[in-house]
Amino acid sequence: MSPESQSNPLIVIASNRGPFSFKKHGRGFQVERGAGGLVTALGALAERHDVLWVASAMSDDDRAWSQHNQGQVQKVEGIRLKLVEHQPEEYEGYYNEISNPLLWFIQHQLWDTPRTPSITADTWQAWDAGYLRVNQRFAEAIAAVVKDSQRQVIVLPQDYHLYMVPHYLRALVGEQVQIQPFVHIPWPGPDAWRILPPAMRDTLLESLLEANRVGFQTEKDAFNFVQTCRFYLGAHAFGRRNAVEYHGRDVGAVTYPISIDVEKLQQLSGMQVTQLERSHLHTSVGDRQVILRVDRVEPSKNNLRGMQAYRALLEKYPEHLGKVQLLALLVPSRMEVGEYRDYLGEIMAEAGTINAQYSGTVWEPVRIIVGDNYMRAIAAMQMYDVLLVNPLADGMNLVAKEGVLVNNKDGVLVLSEYAGAFFELGEHALIVSPFDVYGTAEAMHQALTMPAAERKQRAAALHSIVTQADVREWFAAQVDDALRAANSQASKSSTSSTPEARQSAAASSASGASGA
Ligand code: G6P
C-alpha cells in the first residue's frame, strides 16, 4: 500500500435512514436533506476524507431515484450516496417487527413482560426473511464498493438496525477492512437480553464480535456490552475493562458520546425565521414561566409521567397556577407501530384532563404542539425556564444538549438519570428518577423558584460543556481510532511478510503446538 493511499482512506457510513430522501419532481428528483447531527458531522468529515454513505431506500421515490441511477453511487450535495433497495415485505419485517419494536424495546427495557412480547412464527419469519436478509443486502452493497479498494477501508455501521452487518461483511471482505459499529441507543445489562431467543441473541452478539471495535454512548453501555457477551457466549468470551476477547480476537468496547453541531445550531438560532417562531410561541405563553419538553412521540421518552408530574406540581404548589405553562413539542414517529399510536392517545388524554381541571379564562396549563418543525423547536428552546428531559432510557438525548446551548433565559435542566447526557451534564442539572413522579414535580418546583444567581451559574456551566464537545469530534475520534488500528495492522502485516518475520512466526507457532 502506498503512503498516499494510506493517507486517503475510504470511510463508509452505513445507516438505515440516509442523509437524504428523494421526491419525484417532474422528470427529476427533489432532494430533502435530513436534519440529523450525523449528516452534519459527515459533511465536515467529507471535507477531509473520502466518504461514502450507504442507506436504505425507504420510500417508492427513493427506490425510483436508485433505479434511475442504476443502483450506482451518486454524489448528492457533496456526499457520495448509495441506496440499498429491499423488498417491501422484507423491509417491513426488518424495520417494523425486529428493529422497532423488538430490539428498541429490549434496549430501552420497555416491555411489559407478562404480556409482551410474544415471539411468534411471524417474528421468526421477520427475523429470517427480514432482519437477516436486509443486513445481508447492506453487507453486499458495501462489499461491492470496497472489496477491490487498494486503500484502507473503514466501515461504520450505525445502530440497532445493522447489527448483522459485521458478520456478513467480514465473510465477504476478510480482515483487511476495519468494521466499527456505533450503537446510538442504550445497551442494557445481560438480563434485558433474555427476551430474545438464544439463537437470535447469540447471533447478534457474535456478529458484533466480528467487528474490530464497537462504539457506545457511555461507559455504562460499553460495560454492559462486555457483560452481555461474557454472560451469553460463555467460555469463548473473556471480558476485560474495555474489550471482549472472543475466539482469540480482541474487540474493543469504546465510548464516544455523541454531540451536536454547535456552530450550525448557533447560526440557526440567530435566523429571522426562528425569531418569528418565537414571537408566535410568545403569544400563547405571554409572561408565564415555561416548562418545555421536545421529544419524538416515544414511550421511552416518558412523556406521560412528565405530564403526571406537572399535575402533581400544580396540585401541591398552587402558587404556580396561571403563572406557568407546560409546552410540549411532540414529533410524530413510528406511527405504524401500535404502541406508539396508543402512547400518543394517552399523552393527549392526560393533557386534556389537566387542562379540563385547571384552565382559566385565559390560561391553558398544557399546550401540546404535534408536528416536526425544527426551527420552532429551537425557538422554544431559547425561551424555556425549565427543560424537562425525563426519559426511562435514552442513548444520549440531544435535546438536553441543544437546549442548554441555545437557551437565553438561564433555564434549568431537569434531567433523568437514565439519559446518556446525564454523565456529561448531570452535575449542573437537577437530576430525577424517571419513575418518580413526586420527585420530578419537586424538581420542577425547585427549578421554577431557583434564585437567579444559581440559575445563571448552572446554565453557564452546561453551556460551556456543550460548546467544548462538538459532533465533529465525535466522528473524528472514531475515525482516528479505526485509522490507528488499520495502520498498526498494516505495519504488522508488512513486517510479518519479511522472510525473517515469517521464519520467527513459524518457529513460535511450532513451539506453541508442541507445548500444547
Ligand atoms: C432515534 C434514535 C436513533 C435511531 C433513530 C431511528 O433517533 O436515537 O438511535 O437510529 O431514532 O429513527 P427512525 O425514524 O429512522 O426509525
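Reply: Start with Tyr95: an N or O atom in its side chain is 2.4 Å from an oxygen atom of the ligand. Keep in mind that this is a predicted model, so treat that distance as computed from the prediction. Asp159 has a side-chain N or O atom 2.4 Å from a ligand oxygen too. Then there's Arg17, with a polar side-chain atom 2.7 Å from an oxygen atom of the ligand. How much of the ligand gets covered by the protein? On its own the ligand exposes 400 Å², and the protein buries 70% of that.

Besides Arg17, Tyr95 and Asp159, the residues around the ligand are Asn100, Trp104, Tyr160, His161, His184, Ile185, Arg296 and Arg334. Which helix gives the most to the shell? That's helix 4, residues 88–107, with 3 residues.

Okay, zoom out to the protein's own packing. The largest nonpolar core has 68 residues, and Tyr131 and Phe225 have the most contacts inside it. Helix 5 (residues 121–146) is the top contributor to this core, giving 11 residues. And where does the core lie? Domain 1 (3–87 + 135–258 + 484–493) and domain 2 (262–467) both give residues to this core, so it lies between them.

Notes:
Residues numbered from 1 in each chain as written. Predicted model: local features only at pLDDT ≥ 70, side-chain atom pairs only at ≥ 80, totals over all residues. Heavy atoms only, no water. Near = heavy atom within 4 Å. Polar contact = N/O pair within 3.5 Å; in protein donor to acceptor, adjacent residues only side chain to side chain. Areas by Shrake-Rupley, 256 points an atom, 1.4 Å probe, with all protein chains shown as cover. Helix = DSSP H or I, 4+ residues; strand = E, 2+ residues; numbered from the N terminus. Core = buried A, V, L, I, M, F, W, Y, C linked by side-chain atoms within 4.5 Å. Buried < 20%, exposed > 50% of the residue type's maximum accessible area, 1.4 Å probe, protein only. Domains from an automatic or database assignment.
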